[in-house]
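Here is a short report for a reader new to this structure. Look at the sequence and the 3D view first, then read on.

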Amino acid sequence: MRNLQNFAILLWVLLLFTDVQAQDNWISLSKGRDLKSWKQLGGVAEYKVIDGVIIGTTKSNTANSFLCTKQNYSDFILELEMWVDPAVNSGIQIRSNSLQDYKNGRVHGYQVETDPSPRAFSGGIYDEGRRGWLYPLSRNTNAQKALKNGVWNKYHIEAIGNTISTWINGIQCTKLVDDMTSEGFIGLQVHSINDSDLVGREVKWRNIKILTNNLEGNRWV
């Protein structure tokens with residue numbers, strides 16, 4: 001009996017240690033008080049960080065703006081919370097790049113859409129600056145109610161091998177198989193605007209974290 005109890009205790013300790021290790025493997029991308037680990041590309045919308053929340057603010061007469069990690073990532077699981085003004089469009093770039101020999105450095109690559117409009121394509125995958133829609137949510141109408149306006153929404157994104165899968169608030173939105181780009185930066189988009197009434201609208205991100213190892217043990221599919 002004592003040996004069985006000892007085994008149970010040892011098993012519990014090993015499980016606890018494994019869980020702690022899994023948590024420790026996540027890397028926070030938004031824990032700092034500044035944006036030193038990020039670079040801005042494209043347009044000149046304003047980005048700032050307040051109490052761990054990255055805030056992007058729309059400006060007139062500028063192209064799409066992207067706050068991008070200085071580090072590139074290949075296979076990963078990305079989680080974050082996002083709040084968007086219901087009047088503006090936004091998105092999260094993954095495996096994206098800015099190359100001088102491609103459209104003079106235009107940001108291009110996979111974008112996980114944030115679309116609070118009645119179209120409701122949030123969680124779909126758009127190929128920014130290249131091919132356009134790869135996985136519009138017209139292919140998964142059940143997920144069109146995943147994003148909620150006026151609240152923080154949790155995104156879970158898996159980019160593993162040639163497969164990209166997305167969830168919003170626990171609802172799976174997409175599973176895309178595509179092998180055009182295997183590596184690039186993470187980017188937070190403030191979309192360009194054409195209406196002066198939309199100047200000063202905000203998009204916010206918080207609790208941004210990324211996992212680059214032990215992916216099989218943490219993936220949702």
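How many residues lie between S11 and S12 in their hairpin? There are two, and Gly 161 in the turn has a positive phi of about 65°. Strands (E, at least two residues) and helices (H or I, at least four) are DSSP runs, numbered from the N terminus.

This is a predicted model: local features need pLDDT of at least 70, side-chain atom pairs count only at pLDDT 80 or more, and totals for chains, interfaces and linings use all residues. Residues are numbered from 1 along each chain as its sequence is written, and side-chain values use heavy atoms, with hydrogens and water left out.

**The chain as a whole**

The protein chain holds one helix and 15 strands. It has 221 residues, and 48% of them count as buried. Buried means under 20% relative accessible area, with a 1.4 Å probe and protein chains only. A contact means heavy atoms within 4.5 Å. Among contacts in the protein chain with a separation of 6 or more, 64% join residues 24 or more positions apart.

**Around strand S11**

Strand S11 covers residues 153–160. Seven of its eight residues are buried, so S11 is largely enclosed by the rest of the structure. Two strands pair if DSSP finds at least two bridges between them. S11 pairs with S6 and with S12. Ile 157 of S11 stands opposite Leu 78, and Ile 157 also stands opposite Thr 166 in S12.

**An open sheet**

Seven strands form an open sheet in the order S2-S5-S14-S7-S8-S9-S10, with antiparallel pairing. S2 (38–42) and S10 (132–135) stand at the edges with a single partner strand each, so one side of each has no neighbour in the sheet. Within this sheet, Ile 94 has Tyr 110 in S8 as its bridge partner.

| Strand | Partner | Bridges |
|---|---|---|
| S6 (residues 76–84) | S11 | seven bridges |
| S11 | S12 (residues 163–168) | six bridges |
| S7 (residues 90–97) | S8 (residues 108–114) | six bridges |

**Cysteines**

A disulfide is a pair of cysteine sulfur atoms within 2.5 Å. The count by this rule is zero disulfides. Cys 68 is buried, at 0% relative accessibility. Cys 173 is buried too, with a relative accessible area of 1%.

Notes
Buried means under 20% relative accessible area, exposed over 50%, partly exposed in between (1.4 Å probe, protein chains only).
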